[in-house]
Amino acid sequence: MSFKRFTLLALLVLSLVLFGIAETRAEAKRAVAPKKTVADVKKNVPNKTVKKAQVKKAQVKKFKPRPVKKRTIQPASNTIQAKAVYCVNLANNETLMARNENLKLPIASLTKLVSAMVALENMPLDKKVKVPDHIKSVPKSVVGLKPGDELTVNDLLHGMLINSGNDCAETLACAFPGGKHKFVSALNKKARQLGSKKSEFFTPSGLDRKPAGPPDKISEDEIDANASTAKEIANIARIAFQDKTIRSIVQKKSYVMKSSVVKDGYPIRNTNKLLRDNLPVVGGKTGFTVRAGHCLASQFSPDKKDLLIVVLGSPNHFNDTRLVYRKALKDIIERKRASAPRLESVAKN
């Protein structure tokens with residue numbers, strides 16, 4: 001055998017050996033890997049129709065509206081639920097209804113009626129007052145005054161009496177001659193001048209006065225709440241609503257307070273919902289704290305009669321006031337009928 005033939009034979013044998021090794025390895029891989037089914041192959045094939053359906057289904061599931069829960073509306077009570085009630089006919093000073101009228105109770109923002117009188121007596125309406133830097137720390141309800149802003153006393157009175165803004169009361173008190181401490185002293189002095197012996201004030205807004213420290217470590221005995229009686233508040237409200245400025249402010253349903261830093265000012269809305277009823281309201285002031293509950297002082301003028309109603313510690317001050325008002329009108333009509341002379345028929349012969 002020639003050398004050339006020997007070389008070709010050796011190459012042929014080597015090729016067969018290498019091919020055999022490659023085939024053996026391929027068989028080993030096929031034995032380990034699982035066989036692909038038709039479904040497995042289809043998964044790797046992009047199907048636009050399937051993808052669109054899946055996306056649409058996901059969107060429907062994501063934006064599916066939740067079922068609306070039906071709210072059970074509590075019907076208004078037919079009984080007066082306030083802790084204290086006082087209703088007086090200002091025409092003849094006749095008491096038409098009284099319940100715990102001399103009981104000293106927290107009065108919350110009814111305080112602002114006295115604050116308004118004190119501010120009017122000591123500060124010109126057109127005087128501009130600067131909002132203090134700590135104003136954001138004043139608890140709600142607030143108008144949202146900006147620190148450093150400047151507003152007139154007139155606009156601050158609107159914010160205090162219409163929106164019951166605690167920040168407006170705080171601003172007025174801080175601008176008072178002598179500061180906030182002197183303003184609170186003036187409130188108590190004014191109450192004594194009006195004959196209110198049980199009325200007591202600690203803050204210009206009606207918020208409770210609390211000592212410094214963590215809230216969870218302050219006991220109830222350490223908290224001071226502005227307090228008075230329904231009868232004394234009725235007298236305070238009567239005098240306050242006689243003031244033309246206060247009377248005109250509390251009758252407004254809304255107002256925009258002008259600002260030196262806020263372009264559109266501070267729009268406010270009256271907290272007294274009775275103004276939206278078909279009632280002859282000529283004056284009113286709301287109040288609420290957790291300790292005081294809901295309070296309301298209102299003056300009505302039906303048929304040229306002036307009725308003043310005060311409710312303290314009520315779960316629904318508007319409903320209680322409406323009930324007292326209707327009962328008072330009914331009592332007035334019945335008393336008129338009872339006092340009217342009876343006509344006797346004369347028998348003709």
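Start with the largest nonpolar core, which has 57 residues. A nonpolar core here is a set of buried Ala, Val, Leu, Ile, Met, Phe, Trp, Tyr and Cys residues joined through side-chain atoms within 4.5 Å. Buried means under 20% relative accessible area, exposed over 50%, and partly exposed in between, with a 1.4 Å probe and protein chains only. Select Leu145, Met257 and Leu312: of the core's residues, these touch the most other members. Then select residues 230-242, helix α8, which supplies the largest share of this core, seven residues. Another core, of 20 residues, lies apart from it; among its members are Leu274, Leu275, Leu296 and Leu323.

A note on the model: it is predicted, local features need pLDDT of at least 70, side-chain atom pairs count only at pLDDT 80 or more, and totals for chains, interfaces and linings use all residues. Residues are numbered from 1 along each chain as its sequence is written, and side-chain values use heavy atoms, with hydrogens and water left out.

Go back to leucine 312. Which residues is leucine 312 in contact with, leaving aside its neighbours within four places in sequence? They include Ala82, Leu105, Ile107, Ala230, His294 and Cys295. Contact means heavy atoms within 4.5 Å.

Next, select residues 281-289, strand β9, where eight of the nine residues are buried. Helices (H or I, at least four residues) and strands (E, at least two) are DSSP runs, numbered from the N terminus. Two strands count as paired if DSSP finds at least two bridges between them. The two strands form a hairpin, with three residues between them. Threonine 289 has glycine 293 of β10 as its bridge partner.

Now select isoleucine 80, in the loop between α3 (48-62) and β1 (84-89). Is isoleucine 80 buried or exposed? Isoleucine 80 counts as buried because its relative accessible area is 17%. Beyond its neighbours within four places in sequence, isoleucine 80 is in contact with Val85, Met97, Arg99, Asp320, Leu323 and Val324. Valine 324 is 244 residues away along the chain, yet the two C-alpha atoms are separated by 7.5 Å.

Finally, show the whole chain. It has ten helices and eleven strands, and 39% of its 349 residues count as buried. Among contacts between residues at least 6 apart in sequence, 62% join residues at least 24 apart.
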